[in-house]
Each structure stands twice: as C-alpha cells, then as structure tokens.
Amino acid sequence: MYNVDLIHDDANEVILVVKMPPGSTMPCEHMAALTEPASGSDTASIKTTAVRSACGKYFTLNRGKIWISNGGLAEIFAFFAKTPVRDEKTGEMKDKITAFVVERSLGGLTHGPPENKMGIKASNTAEVYFENVRMPADCVLGEVGGGFKVTMNILNNGRFGMAAALAGSMKGVLAKAVDHATNRIQFGHKIHTYGAMQEKLARMAMLHYVTESMAYMISGNMDSGAKDFHIEAAISKIFASEAAWTVTDDPVSLNGEVICHLHSSCVQETGVERVMRDLRIFRIFEGTNDILQLFMDLNGFQMAGNQLKTLQKALKSPFSNIGLLTGEVTKRAKRQ
C-alpha cells in the first residue's frame with residue numbers, strides 16, 4: 001500500500017502527497033479524475049456516487065470517469081463523487097460533491113483501453129470504472145461535501161504552469177520558423193527579407209514574449225507568498241493557449257505543411273504539425289477557454305459591484321464620507 005498524506009496550508013488548500021513504499025521501484029502515477037460522459041465544465045452534474053456505510057467507516061464508490069490522463073497507469077486517484085450530506089439549516093439530505101483518494105489496490109477499479117487521440121499521444125488517456133469500490137472513510141480529501149473547493153484548487157494549480165509550458169513550445173516553433181525563413185528562397189530572395197514575413201515573425205516573437213512574461217509574473221507572485229492567484233492563472237491559461245495556437249499555425253503555413261485527413265499526404269519533416277495537434281487540447285483541459293472567459297467576466301462584474309456598493313453606502317452619509325466621494329469624482333474626471 002502507498003502512504004497518502006493530506007497537507008493543509010495556511011489557505012486551507014488540500015495538497016496530496018504520495019509516499020513510495022521503502023525500497024519500491026514501481027512507478028507511482030497519481031491523477032485527478034473529474035470528467036464524466038455527462039459532466040465536463042458543469043462539475044455539479046457528476047453522476048459518480050460514494051455512499052457512506054451505516055457504521056460510518058466506509059464509502060462505496062460506483063460509476064466512472066472518462067478522458068483520465070494516466071488512467072491506465074495510475075495507482076492512486078484523486079476523484080470526485082456525489083455524497084448524501086445533511087443540510088445543517090433544513091435537516092434535509094442533499095447530494096454534494098466530495099473529494100476522495102482511492103488506490104487501485106482496493107479492488108473494483110478498472111480502466112478501458114487508451115484513447116486514440118488527435119494529439120498528446122504519449123499520454124495514456126483512458127476511461128476509469130468504479131464498481132463497488134470500498135474505501136475507508138479517511139480517504140476523504142478535505143471535508144465531506146467540500147469537494148468543490150478541492151476541485152477548484154486542483155484546476156487552479158494546473159493552470160498557472162501552462163504559460164511556462166506553452167512558452168517553451170512557442171520558443172521551439174519560433175526557432176524552426178526563423179530557420180526556415182532564413183533559408184527558403186522565393187522570387188530570388190530569402191523570404192525573411194519580405195515585409196509580410198517579417199511582420200509574421202515579429203508577431204510570433206511578441207506573443208511568445210508576453211506568454212513567458214505571464215509565467216514569470218505568476219511564479220513571482222506565488223514565490224512571494226500570494227495565495228489568491230486564480231484570476232491571473234485563468235488569464236494566463238487563456239492567453240497562452242490561444243497564442244501558442246497562433247504561433248504554431250503560422251509556421252504550418254510558412255513551411256507548407258498539410259494537416260492529415262484520411263489519405264491526404266502529409267509533410268511532417270519539421271515536426272510542427274505534431275506540435276499543433278498536441279497544442280489543441282490546451283484550449284480545453286483545466287477549464288475550457290470559453291468557460292474561463294465567463295469566469296473572468298463574472299469576477300470583473302463582482303469587483304465593479306462591490307465598488308458601487310461602497311459608493312452607495314457613502315452617498316447615504318455624504319458629509320461623513322466626503323473624502324471617498326471626492327476621490328471617486330476626481331478619478332472619474334481623469335477618465336474624460
């Protein structure tokens with residue numbers, strides 16, 4: 001058996017630490033399992049259930065997850081299921097999301113074959129099935145019914161590193177594009193001498209620089225002790241994934257590569273087409289860009305709403321809050 005420790009930091013964020021058995025040489029893969037056939041961005045719609053036993057010492061897990069990275073390899077899973085929880089105010093039983101850690105060795109956990117994917121083919125992505133998996137009650141991550149917060153923490157911590165990873169991909173693709181542009185001759189001149197090509201390369205370099213800067217900014221904030229960086233992580237994930245796609249799409253045109261379809265011929269010499277296929281998933285996982293955009297918009301509205309609430313209270317006693325009101329008037333006058 002593997003030892004699984006749960007660490008709560010100052011922000012009460014749950015961190016999963018897996019300890020290998022002494023002298024073990026077996027690879028210990030662990031993965032978070034969230035997505036289901038009818039549940040993607042709508043986390044609350046999951047159907048996997050975990051029912052507590054009458055004695056309260058066990059939970060029984062059923063149903064399954066799809067598109068789980070390392071699903072066919074992992075020995076330890078952090079997964080999310082609906083559990084009946086009594087509402088303290090009404091006394092009614094309601095289904096709430098709870099996070100668990102389950103080991104394959106408990107039995108009842110199986111997986112399907114690796115998915116045949118468009119990209120990231122090195123990733124073992126598979127369905128995971130739970131059939132009457134009996135787990136000790138101490139497998140709960142955080143609190144019973146508190147799984148949504150754990151979910152958000154896992155997704156948030158998965159987003160912040162994307163800018164760094166994608167900046168590296170963009171750097172490699174940009175190097176291939178520059179090499180091609182400085183050696184390819186058309187109309188009697190190397191193509192890097194043409195203004196249109198220079199503009200394309202400059203835009204690629206700019207997008208790479210901004211993405212890399214975002215990675216440094218978020219990492220610097222985290223190193224400085226910042227705990228609340230969910231907005232920055234979401235913004236960097238959206239920008240980096242969209243920028244990486246653009247930076248990779250341009251060299252595909254530049255190199256004259258063709259994306260495969262059925263029996264169409266492919267040019268794969270530079271490897272850019274593989275990078276392009278691998279990059280497509282970055283706009284989907286760890287929260288789709290469309291949903292994250294709405295999340296950013298909502299937070300913007302909330303900030304504006306909180307500011308207006310403060311002004312509304314100040315207007316009820318204008319003489320007591322003359323400084324606040326004067327500052328707001330000055331700020332708005334400067335915008336004109």
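**Backbone angles**

Solution. The model is a predicted one, in which local features need pLDDT of at least 70, side-chain atom pairs count only at pLDDT 80 or more, and totals for chains, interfaces and linings use all residues. Residues are numbered from 1 along each chain as its sequence is written, and side-chain values use heavy atoms, with hydrogens and water left out.

- For background, most residues other than glycine have a negative phi, and most peptide bonds are trans.
- Next, apply the accessibility classes: buried is under 20% relative accessible area, exposed is over 50%, and partly exposed is in between, using a 1.4 Å probe and protein chains only.
- Then look at Trp67, which is found in strand S5 and has a positive phi of about 55° although it is not a glycine.
- Trp67 is exposed too, with a relative accessible area of 58%.

**Overall make-up**

State how many helices and strands the protein has, and what share of its residues is buried.

Solution. 

- Secondary structure is read as DSSP runs numbered from the N terminus, with helices (H or I) of at least four residues and strands (E) of at least two.
- The count is seven helices and 12 strands.
- Of the 336 residues, 34% count as buried.
- For the surface, accessible areas come from the Shrake-Rupley method with a 1.4 Å probe, and for residues only the protein chains shown count as cover.
- The protein exposes about 19600 Å², of which carbon and sulfur atoms supply 57%.
- A contact means heavy atoms within 4.5 Å; among contacts between residues at least 6 apart in sequence, 65% join residues at least 24 apart.

**The nonpolar cores**

Which residues have the most contacts inside the largest nonpolar core, and which elements give two or more residues to it?

Solution. 

- A nonpolar core is a set of buried Ala, Val, Leu, Ile, Met, Phe, Trp, Tyr and Cys residues joined through side-chain atoms within 4.5 Å.
- The largest such core has 22 residues, and those with the most contacts inside it are Leu166, Met170, Met197, Leu201, Met204, Val247 and Leu279.
- Helix H2 (162-181), helix H3 (195-223), helix H4 (230-255) and helix H5 (272-279) each give two or more residues to this core.
- H2 supplies the largest share, eight residues.
- Take Val247 as an example: leaving out residues up to four places away in sequence, it touches Met170, Val173, Met204 and Leu207.
- Another core lies apart from this one; it has 18 residues, among them Ala33, Ala81, Phe100 and Val140.
- In soluble globular proteins, nonpolar side chains tend to be buried together.

Now decide whether H5 is mostly covered or uncovered.

Solution. 

- H5 is mostly covered, with six of its eight residues buried.
- The buried residues are Val272, Glu273, Val275, Met276, Asp278 and Leu279.

**Salt bridges**

How many salt bridges does a search of the whole structure find, and which residue pairs with Lys65?

Solution. 

- A salt bridge is a side-chain nitrogen of Lys or Arg within 4 Å of a carboxyl oxygen of Asp or Glu.
- The search finds seven.
- Lys65 pairs with Glu36, the closest N and O atoms being 2.7 Å apart.
- This pair links distant parts of the chain, 29 residues apart: Lys65 is in strand S5 (residues 58-69), and Glu36 is in the loop between strand S3 (30-33) and strand S4 (49-52).
- Lys65 counts as buried at 1% relative accessibility, and Glu36 is buried at 4%.

Compare the pair of Asp250 and Arg203, and name the network to which these residues belong.

Solution. 

- The side chains of Asp250 and Arg203 meet in a salt bridge of 3.3 Å, N to O.
- Asp250 is in helix H4 and Arg203 in helix H3, 47 residues apart.
- Asp250 is buried, with a relative accessible area of 8%, whereas Arg203 is partly exposed at 31%.
- Lys200, Arg203 and Asp250 are linked in a network of salt bridges.
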